[in-house]
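Student: Please take one part of this model and go through it closely. I would like the cut-offs stated along with the values.

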Amino acid sequence: MARKSALVVDDSKSARVILSRMLEKYDIEVDMAESAEQAIEYLKSNRPDAIFMDHLMPGMDGLQAVKAIKGNPQTAMIPIMMYTSQEGELYVGQARALGAMGVLPKQVRPVDVSKVLYELHLLPDRRDMAEPTLHPVELDSGIPVERSPPRVAAGSGAVDWGRRVESAMKDQAADIRRFIVASLDSFSTRIISDVRNAMPVQGPDPIAPPPAPPKPVWPWAAAVFAVFAVAVAFAASWLTSRNELARAQAEIAGLQSANGELQHARLDLAAAVKDLTAALATANTGPLSPALAGTNGSALAPRLEPVPYGEIAFDRSRLEVLRDLLGKLEAQAFHGVVKISSSAGLFCLSGNATDGYAPAVPTLLINRCDMIGNPLDEALSGQQRQSLAFANLVAGVRQRTAGAITVALESTGTTHAATPYPTRTESLTAGEWNRVAAANNRVEFSAESSAPSTSAP
């Protein structure tokens, strides 16, 4: 008869050894795993006859492992017995609902082990043994009698009942012997424990008083359990408080860092405002820059300002250029139209429509770009291309000058490229392409005077 095999899964080495020794007494081959993940890996190449599964383990617990094993058609038929200190009908029902056959407590007695092994079919059931049947035969006298089937020699093709009965009796005797040995081990352990508890303690006085009756153990056990529960609750509360304190300290440190950065930003902003105020005061009293002054005073030469990818055209540095230009034009009593035209560059981009696009890394080949275009510029309408400060500046200068200075905004999209794009080859990179796209992503300032020009005498 082939030996049965079992897999013991427990993160406790002592628990694995105790159960494996009990199973080996019944001539069962035992393999061990110290985690549910290791057990599932073991089942990929092995098929034990039964699995004893602990509940509380690091990582995947026992119930999750039972669900995973029963969910795999290749291992679903392996019987599983929970080997844990968990008790109660609720836990047993939960384990059985997931596919386990029952729960074997860790404070198990050898007698209980044999019962579980019969349930898992790791020990042959005596009721499953085939009993010889009697068949009626006729004698010469005509009286029917019953007799066992005749024993047929091996090799003749018939069943050798004698050898089968002998083998069954040997197996039954071995099972009974193992059962008796396990029962005697359990009884002897219990008797030795009771005798040790009942023996009086030898003192220096030879005439010792009779020993007091043994006190019940359950009050002490209840007290120890209560102290243990209080200690566990205190430890959990302490750990939670410590984690919350650490998170609070981290948040305070982050707030302090953010506050410091905010103070620096405020100082930088104040210095920038001061410098800008001084620059505007100087610019309003001085002449137009040569880049903006026309040859005959009736027109201003165009000025180009780049627009980084992701920024709207009429904002930030372009806002400061317009503010400087309008201040100088007002100071010189300029009459006319300031034209501001934006053009969009076609960038090599990486990303997608859900998470957004960004310029690709410079070393990326041009044929690996997810998109070539400018989706931000394409999605903006005319009003959305200018910030609120830009719009207020345009409206304010028209109101202050009573219409003498007007600002006209225009967007040409990607159709007017000032710098031609390079030819797309297999070796062209995103960095080379995006340098040209950045040059074409720009805003152009120009002005035309409506006042009649005066020629020099």
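Tutor: The link of Cys-348 and Cys-369 is left-handed, with -90 degrees about the S-S bond. The two residues are joined by a disulfide with an S to S distance of 1.7 Å, where a disulfide is a pair of cysteine sulfur atoms within 2.5 Å. The pair links distant parts of the chain, 21 residues apart: Cys-348 lies in strand E10 (residues 347-352), and Cys-369 in the loop between strand E11 (356-359) and strand E12 (371-373). Helices (H or I, at least four residues) and strands (E, at least two) are DSSP runs, numbered from the N terminus. Both Cys-348 and Cys-369 are buried; buried means under 20% relative accessible area, exposed over 50%, and partly exposed in between, with a 1.4 Å probe and protein chains only. A search of the whole structure finds one disulfide.

This is a predicted model, in which local features need pLDDT of at least 70 and side-chain atom pairs count only at pLDDT 80 or more, while totals for chains, interfaces and linings use all residues. Residues are numbered from 1 along each chain as its sequence is written, and side-chain values use heavy atoms, with hydrogens and water left out.

As for the setting, the protein has 11 helices and 14 strands, and buried residues make up 29% of its 457 residues. Of the contacts with a separation of 6 or more, 66% are between residues 24 or more positions apart; contact means heavy atoms within 4.5 Å.

Next comes helix H8. It has 15 residues and reaches 21 Å from its first C-alpha to its last, close to the 21 Å expected at 1.5 Å a residue. The expected span is 1.5 Å times one less than the number of residues. Buried residues in H8 include Leu-322, Leu-325, Leu-326 and Leu-329. An α-helix has 3.6 residues a turn, so residues three or four places apart point the same way. Arg-318 is in H8, which covers residues 317-331, and is buried because its relative accessible area is 1%. Leaving aside neighbours within four places in sequence, Arg-318 is in contact with residues including Val-307, Glu-311, Ala-313, Phe-390 and Phe-445.

Ala-333 is in the loop between H8 and E9 and has a positive phi of about 55 degrees although it is not a glycine. Most residues other than glycine have a negative phi, and most peptide bonds are trans. Ala-333 is exposed, since its relative accessible area is 54%.

The last item is the cavity. On a 1 Å grid over the protein atoms alone, a cavity is a set of points where a 1.4 Å probe fits but cannot get out, and lining residues have an atom within 4 Å of a point. Of its 18 lining residues, the closest to the centre are Val-307, Glu-311, Ala-313, Asp-377 and Asn-441. Strand E9 (336-343), helix H9 (375-379) and strand E14 (442-449) each supply at least two residues of the lining. By class, the lining has nine nonpolar, five polar and four charged residues; Ala, Val, Leu, Ile, Met, Phe, Trp, Tyr, Cys and Pro count as nonpolar, Asp, Glu, Lys and Arg as charged, and the others, Gly among them, as polar.

Conventions
1 Å grid on protein atoms, 1.4 Å probe; cavity = no way out; pocket = protein on both sides within 12 Å on 5 of 7 lines; lining within 4 Å.
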